[in-house]
Amino acid sequence: MRSDESIGPVLRALSDALVSDPVDRDLRGVFEQEVQRLVGLRSVRLREIPARYHARLVTPTRTVESIVLGVPSSDPRAQAILEASFDAGRPPAEPQLDLLAEAAQLAGLVLEASRSRMTTMVRSVDGAAPLIGSSAVMQMLRGRVERVARTDFTVLIEGESGTGKELVARQLHEVSRRRTGPFVAVNCAALVETLLEAELFGIEERTATGVRGRRGKFEHADGGTLFLDEISDLSLSAQAKLLRAIQDLAIERVGSTGSRRVNTRIVAATNRPLSDMVSRGLFRTDLYYRLGGVEIHVPPLRARREDISELAIYFLARHHNMRDLSLSDAAVDALRLYAWPGNVRELERFIELAIALTESNQIELDDLPPQLRGDYVEILGPSIAAGESLRAWGSRYARLVYERCGRNKRRACRHLDISYHTLQAYLRYSRRDGYAGTQLPEWVRSASTPATVHEARSSR
């Protein structure tokens, strides 16, 4: 049998993997398994060794239990090798060595295809959008991401659900020197406890009847970034298993007797403060300090309301091929008043709802769901219906802020950004209008604590 015919099963398996899911059947893993099966070796591993970590290997290199062959690579920052191990005293025969040599040449194409495939997959994912927003907090966030991306340190991203933590993690990867490597996201909340080790660290061939060997998420992310989302949902036993892998950057497959080093950057995210969970005994202290240090906080949408219209326009533009819609000024004002408990994710879903249901080419106030237009309608609706003048509305608002500040005029002036004399004029108008004697809403009265009232009296 000629060697070019013998390598055929490897080529067929790679062809099948090209049209399969890129995470479950990655090209590297398929290549390693098929070469191992074809040549009859104990293990085969295709690796890239960064030049900054290791001295350049002289290949081929052979020991009593392994052989290392050079693999052609277009990346000058790393050396690619094909490492094959076998039982001591049972070295591969000459035909097997010829197959390995051909497999090493084919491995160069596998690496190039893997990089191209993973990069395309990352950029086509729906969440891999730019960080939208011109507010000061978003400018600070983008600057922090760019600075942290220059390092290989482990990063902890904290923020409420729906704020875009995975988007920040993807941006960290895209602007780092690891951008040509894979970005592998793992939802820790969805990991089954009994399958955790196999999912994260992989499993060896023939560990159990009918079980095929495969790489875990750590090995999938070799040379790139591993994103551990909702890490706070891991059990304490799972945290212990994860700690060792993060600390040593080495994993041990289920059924294996040795460890494998991985060149993976860890980025973790949580919607709950890990420091609070540590104090309550729900999260391991050692894992917290291993993850923490370099932290990025993603602000909630209510903390950057000036970005809401920009985000809404961005989401509308993403679906312009379906419908060309715009937002009315009243609708934008209502969106800015809403609290957005679901953050950016909730805003995106609202835009999708509007695209599906809005009849005209513009989203009006009446097109908004009741919960979105509630505060806007309740606050402005009565004044609009009564036909109040701008001065009447301004005086009413000034009186509300004045009461909310504990009747402290100087603090009210700072909140309203007006002069002391202007506030006095507004208050005189509200008294003449009869508003000063009306019953104040509970949310206004509750804001006036005894301390603020005392401060207000002392300043009058």
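1. A search of the whole structure finds three cavities of 30 Å³ or more. A cavity here is a set of points, on a 1 Å grid over the protein atoms alone, where a 1.4 Å probe fits but cannot get out, and a volume is the space filled by probe spheres set on the points, with grid points joined across faces, edges and corners.

2. The model is predicted, so local features need pLDDT of at least 70 and side-chain atom pairs count only at pLDDT 80 or more, while totals for chains, interfaces and linings use all residues. Residues are numbered from 1 along each chain as its sequence is written, and side-chain values use heavy atoms, with hydrogens and water left out.

3. The largest cavity holds about 140 Å³ of space. Its lining counts 14 residues (those with an atom within 4 Å of a point), and the closest to the centre are Gln 33, Gln 36, Val 44, Glu 204 and Arg 253. Helix H3 and strand S1 (43–50) each supply at least two residues of this lining, with H3 giving the most, four residues; helices (H or I, at least four residues) and strands (E, at least two) are DSSP runs numbered from the N terminus. By class, the lining of the largest cavity divides into two nonpolar, five polar and seven charged residues, where Ala, Val, Leu, Ile, Met, Phe, Trp, Tyr, Cys and Pro count as nonpolar, Asp, Glu, Lys and Arg as charged, and the others, Gly among them, as polar.

4. H3 (residues 27–39) also packs with helix H2 (residues 8–18), at an angle of about 155° and with the axes 9 Å apart. That makes H2 roughly antiparallel to H3, the term used for angles over 145 degrees; axes are lines fitted to C-alpha atoms, for helices over the stretch in contact, and angles run from 0 to 180 degrees between N-to-C directions. On the H2 side, Pro 9, Val 10, Ala 13, Leu 14, Ala 17 and Leu 18 meet Leu 27, Val 30, Phe 31, Glu 34, Val 35 and Leu 38 of H3, contact meaning heavy atoms within 4.5 Å. This contact of H2 with H3 has eleven nonpolar, no polar and one charged residues.

5. A last pair is helix H12 (residues 308–318) and helix H14 (residues 343–357), which pack at an angle of about 50° with their axes 10 Å apart. That makes H12 oblique to H14. In H12, the residues Ile 308, Leu 311, Ala 312, Phe 315, Leu 316 and Arg 318 meet Val 344, Leu 347, Glu 348, Ile 351 and Ile 355 in H14, a contact with nine nonpolar, no polar and two charged residues.

Methods: Angles under 35 degrees count as roughly parallel, over 145 as roughly antiparallel, 65 to 115 as roughly perpendicular and the rest as oblique. On a 1 Å grid over the protein atoms alone, a cavity is a set of points where a 1.4 Å probe fits but cannot get out, and a pocket is an open set with protein on both sides within 12 Å along at least five of seven lines; lining residues have an atom within 4 Å of a point.
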